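Reader: I've got a fold open on my screen and I'd like to learn how to read it. Can you walk me through it?

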Amino acid sequence: MNEVNFVQASNLKEKPDVSKIGFGTHFTDHMFEMTYTEDKGWHNPQIIPFSDITISPANATIHYGQAIFEGMKAFRQGDKVVIFRPLDHLNRLNNSARILDIPQVDVELVHTALKKLIEIEKAWVPAQRGQSLYIRPFIYADDGFLGVSVGKSYKLYIILSPVAAYYSHGFSPVKIMVEDTYVRATQGGLGEAKTPANYAASLHAGLVAHKKGYDQTLWLDGVERKYIEEVGSMNILFKINGEIVTPELDGSILSGITRRTVLQVAKEWGYPVSERRISIDEVKDAYKNGTLEEVFGSGTAAVISPVGVLGYKGEDMVINDGKIGPFAQKMFDYVTGVQCGAEKDIHNFTEVVAEV
Ligand code: COI
């Protein structure tokens, strides 16, 4: 019953020059689809031609936002295609599902379907280092009903997009504005879930930051506007006096898979690592007394993203002279090396899913 059916596209698209298309603009020929209804549960898993999807104008997700998503990546390693930590991503999808009251998916089935989809689309995985096939699973409530309630029917899709670096300027320091007016999430809310609401909450502040010349927003906690949370498209880490410090997972920030990777590897490299509350005042003090050595973000899309400028209340802290710090560089080289096969994957972070 849970066999993944395959309906082949009649026309295959021309593949784009990935170095020219940025992030999330082009999609492959096929996508995975699965349906949930109350009577049948999750059923009809199938790989079908990539196409628009049809929803009711009363679709519950459009009106009330009951949706979740994931982001992971497939890479070429010579004649192999690998995915970075796929099971961690699929388990996190189920954690988001729990928070949004979406029915749990069978991780094994979705994992099998994902591998089949990548096998079919393997020619779309870019071979150049720094490029990848971005994998976007998502689930939304599919009810055409205007009452505010938990959905009774859902759709799950996985779409694939060949991508270059997330930031158009590639691996170079970004300018981040510390946001002290707007709030992304608070404890007890949806912050830990990968759900559109968290991104919607970030759009206006992002626009304001852009207008002031910053690339992104660094969120503070929603209660005291004092403790560092995350950037929205990535988690944030500091190197202070030799120690790697990052906000603890308190329910209002995303449990990043790259964050997890960085913390594990940093410990193995012998760095002291601390997951704890860190206030913007502590960061400012460290900047003033010269112990703020590096600031960088981590995320699937961004990988490792050094922060060159941290703006707070109209003042810019220029980190490491606005240059890429040695730790961020070493970690970027390591993570991307494991992903592209240049570095031995001693942790089994990558899973081979196809041969080209
Ligand atoms: C990812 O890193 O996969 C993300 O989800 C960031 C995305 C919103 C672009």
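Author: Let's begin with polar contacts: a polar contact is a pair of N or O atoms within 3.5 Å; within protein, one must be able to donate a hydrogen and the other to accept it, and residues adjacent in sequence count only if both atoms are side-chain atoms. Here, a backbone N or O atom of A301 sits 2.8 Å from an oxygen atom of the ligand. A bit of housekeeping: this is a predicted model, where local features need pLDDT of at least 70, side-chain atom pairs count only at pLDDT 80 or more, and totals for chains, interfaces and linings use all residues. Residues are numbered from 1 along each chain as its sequence is written, and side-chain values use heavy atoms, with hydrogens and water left out.

Reader: Which residues surround the ligand?

Author: A residue is near a molecule if one of its heavy atoms lies within 4 Å of it. The ligand's surroundings include F23, F69, Y134, R136, K194, T300 and A301. Y134 places a polar side-chain atom 2.6 Å from an oxygen atom of the ligand, and a polar backbone atom of T300 is 3.3 Å from a ligand oxygen.

Reader: How do I read a helix, say α2?

Author: Helices (H or I, at least four residues) and strands (E, at least two) are DSSP runs, numbered from the N terminus. The expected span of a helix is 1.5 Å times one less than its number of residues. With 14 residues, α2 (residues 86–99) should span 20 Å, and its end C-alpha atoms are 20 Å apart, which agrees. Just past α2, D101 has a positive phi of about 55°.

Reader: Which residues of α2 are buried?

Author: Buried means under 20% relative accessible area, with exposed over 50% and partly exposed in between (1.4 Å probe, protein chains only). In α2, the buried ones include H89, L90, R92 and L93.

Reader: And what about strands β2 and β3?

Author: Two strands pair if DSSP finds at least two bridges between them. β2 (residues 30–37) and β3 pair in the antiparallel sense over seven bridges, forming a hairpin with three residues between them. T37 has G41 of β3 as its bridge partner. Seven of the nine residues of β3 (residues 41–49) are buried.

Reader: How many residues does the largest nonpolar core have?

Author: A nonpolar core is a set of buried Ala, Val, Leu, Ile, Met, Phe, Trp, Tyr and Cys residues joined through side-chain atoms within 4.5 Å. The largest has 38 residues, and F32, I118 and I139 are among those with the most contacts inside it. Helix α3 (residues 107–120) contributes the most, with seven residues.
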